[in-house]
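Me: Please take a close look at one helix pair in this model. I want the packing geometry, the residues that meet, and the setting around them.

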Amino acid sequence: MNRSAAPLLLLLLLAALLALPHVLPRFHTYIAAIVLLTALLATSLNLAIGYTGLYQFGHAVFYGVGAYGTALMLTRSGMPAPVAFLVGPLAAAALSLAMGLICIRLSKLYFGMLQISLGSLVWAVVYRWYSFTGGDDGIHGIPLPDAIASPKGSYYFTLSVTALCLFAMYRIVRSPFGKVIQGIRDNPVRAAAIGVDVRLHQLASLVIAGFFGGVAGSLFVVVESSVFPDMMFWTFSLEVLIMCLLGGMYTFFGPLVGASAIVLLRVFASVHTRYWGLILGTILTLVIIFLPDGVLGVFSRRPLKEDSDA
Amino acid sequence: MDFAANLFSAGTLSQILVGLSRTTILFIVSSGMSLILGVLRIPNVAHGSLYMIGAFAAWSVIQFLGGGLFGFLAAMIVAPLIVAAVGFVLERGFFSYLYEREHLMLLLLTFSFALILGDLVKIVWGPEYRSITVPAFFQGSAEIFGLPLPWYNLFLLVIGPCIAVFLWLVINRTNLGKIARAAAVDGEMVGAVGINVGWIFAFTFVLGSFLAGLGGALIAPMVNISLGMDHSLIMETFLIVIIGGLGNMWGALLGSLIFGLTQSLGILVWPQFGIAFPYLAVVAVLVIRPRGLLSSTW
């Protein structure tokens, strides 16, 4: 992408997004909000997988915990709403730290396999704990503050939080910390040799990714005013991973593109067919065979990577 | 104390026996996963789908041949063969071209197959529940230490060790197994001495798929055969392979034992969240031995 054109493009996009609820009908505004928060979710995953090189296979768990944290605080505690919106992401970050501490000792692929299977435990607990989480029914009709309860209000809230978080993550990957985690991704041994605490940086990156994943979950509560356990099921974790892959894992804006494409496709497909898995699976197979660097990755240089990464 | 009373009741022993027969299934499926992971380095997410296809295929074979002992045993052989054929197509058609890719891509490719196979099962067999009745030969229960144990569970307890011994023989005592182990360590070198590594990989994948199908066929009479039966199993299989040690057959057995037993005893102690105990056991194992209980054999 041409560097001087990029900010202009972003401003245009932002203007279009701001005008969107006034132009499009209500259902489309709702879809746009889902696209935005899913884009945030995919970008937060990309922080761990694309920028740090950690195989974060269970990311939807942090999304789900963020959503459940917020939803439970809103329905069960008498705390003011802003506290609830903070508790969700913080719970996701705490879980991310706990799971990271267990998984980080395993090498790449095993890290991911362990994380996704431990994540399925979180799902199972949420799924069965009827008295607390509502079990497989989830929680519906979550009371929201008036300002963000209307479709337009929830859209603008989602837009502003997403924009803020994306900006924060953009700054993080451009910061010295961001450079260090990318260095760890490209060569952990060399990074350790020049005195970088590899584990600490990896854990920090996991916590940040988990936190922003949790924020996306909280936004889901705002848009949907309900939560259900399937949003943290492992297949969704891998679906978010597909969004990153589709858009381009080694680019910042790639996951945004991928998330928009997958969400819109899913909405479109659900109208016409029951076989979403068949469609997604076919697309994924084609992308892996023909476009391993993703859509945006085609336009940008791929960073040097080691050959073997078992 | 409620927990303790539950734990030391007469039901404990029968629960252990039930847990052991579940262990058999877990072992058969996860040994296939371990084999594929060890030789091909593919964490096969579609392994659960192959297991599900095994169960549905067994149901179809029994519909075709009738529910007698012959039909049942035929299903236990034909269904895994069907699954092995699916595995053969996947390996030759897709994976064989993509071994050079990153593991992440291979994992996602297997996930896409899991999605596609899941929907294909829905198209072929429909979304309804299916069930198989155990043939008359296996009905009723045996008395073990004064406790009833269904014959079918006993049958599974016999099958499990047979499979373990069979796999051990294939891997350690046949040329094919030796070549497969060599290819796992250094495929290029094996190719350089004139062995067609591609077909060794195909053989391994087909054998692994066969085991997944066999697990599915064997569990079919004990559960509702349904869409989504692959989803929880695949995560359990991942954990078993991780705590067992990569590609280690005995590790898969040990992992399955830990998983099956903590699960069945956990349900006894705390019915609602018994499912959490195997996971706690896994975390405990990994804190002590991050690389798994047994070292990888290759």
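Reply: The pair comes first, then the chain around it, then the contact with the other chain.

This is a predicted model. The pair is helix 8 (residues 151–174) and helix 11 (residues 198–224) of chain A. Their axes lie 10 Å apart, at an angle of about 170°. Angles over 145 degrees count as roughly antiparallel. Helix 8 and helix 11 of chain A are therefore roughly antiparallel to each other.

Now the residues. Helix 8 of chain A brings Ser154(A), Phe157(A), Thr158(A), Val161(A), Thr162(A), Cys165(A), Met169(A) and Ile172(A). They meet Ile208(A), Phe212(A), Val215(A), Leu219(A), Val222(A) and Val223(A) of helix 11 of chain A. By class, this contact has 11 nonpolar residues, three polar and no charged.

Next, the setting. Chain A has 15 helices and zero strands. Its radius of gyration is 19 Å, close to the 19 Å from the globule rule for 310 residues, so chain A is as compact as a globular protein of that length. Its C-alpha atoms fill a box of roughly 55 × 45 × 40 Å along the principal axes. Of the 310 residues, 50% count as buried. Among contacts in chain A with a separation of 6 or more, 78% join residues 24 or more positions apart.

Last, the partner chain. In chain A, 33 residues are in contact with 28 residues of chain B. Helix 5 (108–128), helix 12 (234–247) and helix 14 (276–290) of chain A each give two or more residues to that side. Helix 5 of chain A provides the largest share, 12 residues. The side of chain A that touches chain B divides into 24 nonpolar, six polar and three charged residues.

Note on methods
Residues numbered from 1 in each chain as written. Chains lettered and ligands numbered in written order. Predicted model: local features only at pLDDT ≥ 70, side-chain atom pairs only at ≥ 80, totals over all residues. Contact = placed C-beta atoms within 7 Å. Helix = DSSP H or I, 4+ residues; strand = E, 2+ residues; numbered from the N terminus. Nonpolar A, V, L, I, M, F, W, Y, C, P; charged D, E, K, R; others polar. Rg over C-alpha atoms; globule rule 2.2 N^0.38 Å. Buried ≥ 20, exposed ≤ 12 C-beta atoms within 10 Å, placed from the backbone. Axes fitted to C-alpha atoms, helices over the stretch in contact; angles between N-to-C directions. Parallel < 35°, antiparallel > 145°, perpendicular 65-115°, else oblique.
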